[in-house]
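I opened my notebook to get to know a new structure. Here is what I looked up, step by step.

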Amino acid sequence: MPKSDRHTYKPVPAEVVRIIDEAPGIKTFRLRFERPGDRKRFDFLPGQFGLFSLMGIGEATFSMCSSPREEEIEISVRNVGNTTDAMFTMKKGDLIGVRGPYGKGFPLDVVKGKDVVIVAGGIGFPPLVSVLEYLLFRRKDYGKIWVIYGVKTVDDIVYRYKGPRWRKHKDVTITTTVEKKCREWNGCTGMVTDHIRKLKINPANTAGFSCGPPVMLKFVSEEFQKLGIEPENIHLSLERMMQCGIGKCGHCNIGDKYVCRDGPVFSLAELRRMQEDVW
Amino acid sequence: MVKPKVAFFGMTSCKGCYFQLLLANEKLPAIFGSIDIVDFWMLNEKPKDDDMYDIAFIDGAVSNHENAELVRNVRERSKYVIAFGTCACHGGIPAVRNPDERKHSAYHKLVYGKDIKVKSYPHADPVSRHIHVDYEMTGCPINEREAVEVIRDLLLGKKPVAPDYPVCVDCKKAGVSCLFKEGTLCMGPVTRAGCNAPCPASRTACDGCRGPLPDANWNEMEKLMKEHGIEKKTMNMMLGKYTGGKMAK
Amino acid sequence: MTQDSYYFIEKKDLQGFIDALTLKMSVFAPVRKGRGFRFEKLKNKQKLDLNGYINTEFPPKSILMPEGEALVRYKESMICEVFDDVKKAVFAIRPCDVHAMLLLDKVMMGHGDIEEHYEARRKNLIVIAMNCTEAGENCFCESMETDRLYGGFDLLFTENGNGYHVEAGSEEGKKIIDDSAKLFRKSSGMPAKTKPGCTKKIDTAGLPEIMKKAANSSIWEDTAKRCLSCASCTFVCPTCYCFSLKHEPDVTDLKNGEVKREMDYCMLLRFSKVAGDYVFRQHRTERVKQFFYHKLVYGLENEGKNHCVGCGRCITECMAGIDITEEAAKVRKKYAKV
């Protein structure tokens with residue numbers, strides 16, 4: 001009989017130890033839990049999310065983008081509302097409230113031994129970075145890894161400083177593609193879907209992971225299927241309004257499923273069975 | 001911490017919304033003590049030369065050239081502009097004359113005599129028709145609690161969001177038994193919430209003073225009104241006294 | 001329940017029983033207000049008047065999930081949880097509403113996740129239910145099988161002649177009887193349960209499967225054309241539990257404040273709005289559909305119980321006259337044989 005988890009809405013404090021200016025309007029916050037016990041309890045897997053609060057302002061949902069092994073955790077934030085605007089005024093040493101971890105992450109145990117295609121669109125990259133770090137730490141347990149990261153303009157590219165380290169690994173191909181051509185960018189252009197099409201994979205032994213805007217996920221899953229990857233092996237991280245994080249407040253429901261509790265990572269097979277439009 | 005500079009300006013209105021602010025000040029001096037009121041309409045009608053404002057409140061409709069110049073002036077020197085009151089947000093009572101624009105000078109002559117020259121525009125406008133408004137705090141008059149909460153939120157660096165749902169939600173939360181269900185012609189379902197439904201709470205039908213709710217189901221409302229013998233024209237008139245005769249559609 | 005769980009109290013002693021109870025705990029009972037009755041906290045020695053009481057206008061869920069309930073309090077950087085563990089009793093709650101409460105329990109304390117704020121209130125709530133003797137105009141509890149209780153109560157009253165048969169459903173209930181032992185006499189059993197006589201009904205046989213066939217039906221669009229999105233249905237529904245967590249800084253001292261629970265409604269646009277102002281359920285049709293499917297299909301799948309207990313409040317409150325029993329019948333008529 002699984003034990004019941006007990007929840008309240010009280011956050012635990014974490015200190016901002018580093019702020020990285022990733023791109024205009026996007027910052028990464030590196031956080032250290034004030035009490036070591038809290039980090040132990042915040043034992044997360046890639047794809048899970050937390051609810052981060054500034055008392056009096058509000059709470060916002062972020063998937064961790066750091067490796068679960070690190071003592072400190074990282075989240076990447078785009079300022080689109082009151083809570084994220086307030087986060088952008090934070091300095092090193094400020095405190096932020098943390099609740100979580102919540103949700104079902106990417107099924108990294110299930111895809112052991114497989115090749116993995118990771119496709120990220122814009123601000124959908126963070127949870128997939130956590131996935132990548134996890135896979136790279138256990139490199140032998142996984143096959144080939146392709147990462148296709150797409151952004152609208154060259155200014156939107158994040159985690160530039162992580163690229164060199166990732167590329168050092170064997171059989172890891174990282175493709176950053178920019179939608180809007182420009183002089184400063186010598187790299188790939190086009191949509192992520194264009195690059196998925198170019199892949200040569202063994203569909204029977206490949207898993208596809210993706211996170212990004214709803215429209216992108218729809219097209220990416222179509223491309224994955226065109227490559228022959230089965231819906232059970234395609235895993236997508238969805239976004240919805242979250243407030244409680246534990247499947248009670250109702251905001252994140254799609255049909256009878258709760259994105260915070262049954263997701264945010266769903267297989268395409270599960271999404272097809274959803275009783276409401278997903279995208 | 002430096003207190004934000006706040007200014008208040010008034011245009012064509014009854015100034016009832018100002019009384020709501022004064023009431024709020026009486027009850028909650030803390031919020032008003034946290035701001036530096038540099039200009040208040042009763043003391044200075046126009047901005048002082050070099051003044052820059054963090055928050056500017058503008059009440060009243062734009063109904064003449066003076067008003068239009070004033071709002072443009074205020075916009076240039078303000079970081080955040082709040083249009084408060086239905087007159088500022090929708091035109092309000094000054095805009096009642098709007099549908100009869102063409103009779104403007106004839107009415108003017110009738111009311112003021114032929115010796116006083118017409119100085120006002122043929123139609124009274126909401127402030128947003130002349131400048132970009134950051135927040136519309138509607139209501140005839142405004143709800144003092146909303147004023148306090150908006151200032152509180154701005155002091156915390158939060159941008160306030162106006163309710164995008166009907167008065168019915170406020171009404172139920174206030175514990176009121178639905179007037180509409182009792183046969184009273186309440187405009188709650190098509191009116192923007194945020195007032196805590198004081199009129200229905202006093203057993204008076206909502207008459208839409210906070211202006212139309214953009215996503216309201218106008219077709220159904222017209223149908224239900226018709227079942228009670230109220231034609232669309234009449235409903236237009238009822239709500240139109242706050243919006244210059246126009247409904248949301 | 002054993003033989004010693006049945007009692008009888010005469011109508012003339014009911015006030016005395018309630019008076020004694022109000023001395024020990026807060027008692028919420030139906031009080032005449034507005035168009036009918038509301039559950040309100042009784043004042044000391046407040047006279048109980050159940051004349052004409054069939055059910056309350058607003059549901060009793062506000063006792064377990066009060067509007068604006070403080071869940072977390074903060075004073076600068078000190079943050080603490082808030083629990084309400086004041087002992088309360090709800091008196092004369094109807095079987096349909098008890099079924100609704102048991103459903104809320106499954107949502108708020110089930111699925112392997114217990115919300116402690118709700119749990120604190122629930123643990124300290126005494127449920128004194130009362131069977132119905134007549135059905136309201138819009139009741140359809142019989143077809144939803146929520147017109148009778150087999151558990152979930154501390155005491156169950158059934159009107160009979162000049163008094164009430166009372167069944168104790170728990171040790172807590174027995175204790176309450178013992179505390180007012182003079183007012184109760186032992187009884188040999190309960191009278192046979194009579195049907196309240198509902199005129200409305202939903203034929204629930206195989207309904208989820210039929211509803212699934214109707215997923216893209218124009219029925220929802222047609223109903224949505226009538227819906228005013230006033231959220232009255234979700235407000236008065238005893239099983240609607242959706243809520244928001246709202247940060248409410250103290251206007252007198254901005255460094256302090258509370259995080260409150262405010263009920264929220266899937267019928268409103270803002271419910272599915274995300275940062276950047278994208279709304280997932282932009283069209284009224286989608287929201288109307290979500291309401292009906294949650295009540296008649298999803299609830300069954302998630303909690304094993306229909307999220308509709310047949311109380312009929314949504315039918316009573318809807319200004320456009322949308323009736324869940326009619327919607328279910330429309331769906332069955334069009335899709336049952338396909």
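**Salt bridges and the build of chain C**

I began with C:K123 and C:E119, which form a salt bridge with their closest N and O atoms 3.5 Å apart. I kept in mind that this is a predicted model. The two residues sit four apart in helix α4 of chain C, so about one helical turn separates C:K123 from C:E119.

Next I looked at C:D105 and C:R122, whose salt bridge has its closest N and O atoms 2.8 Å apart. C:D105 lies in helix α3 (residues 95-109) and C:R122 in helix α4 (residues 116-123), so I noted a link between distant parts of the chain, 17 residues apart. C:D105 is buried, with a relative accessible area of 13%, and C:R122 counts as buried at 13%.

Then I turned to chain B, where the side chains of B:K241 and B:D207 meet in a salt bridge of 3.3 Å, N to O. B:K241 is in helix α10 and B:D207 in the loop between α8 and α9, so the pair ties together parts 34 residues apart in sequence.

I also searched the whole structure and found 70 salt bridges over all chains.

Last, I stepped back to chain C, which has twelve helices and 15 strands. Its radius of gyration is 21 Å, close to the 20 Å of the globule rule for 338 residues, so chain C is as compact as a globular protein of that length. I noted that 61% of its 338 residues count as buried.

How values were computed: Residues are numbered from 1 along each chain as its sequence is written. Chains are lettered from A and ligands numbered from 1 in the order in which they are written. This is a predicted model: local features need pLDDT of at least 70, side-chain atom pairs count only at pLDDT 80 or more; totals for chains, interfaces and linings use all residues. Side-chain values use heavy atoms; hydrogens and water are left out. The radius of gyration is taken over C-alpha atoms; the globule rule is 2.2 Å times the number of residues to the power 0.38. Buried means under 20% relative accessible area, exposed over 50%, partly exposed in between (1.4 Å probe, protein chains only). A salt bridge is a side-chain nitrogen of Lys or Arg within 4 Å of a carboxyl oxygen of Asp or Glu.
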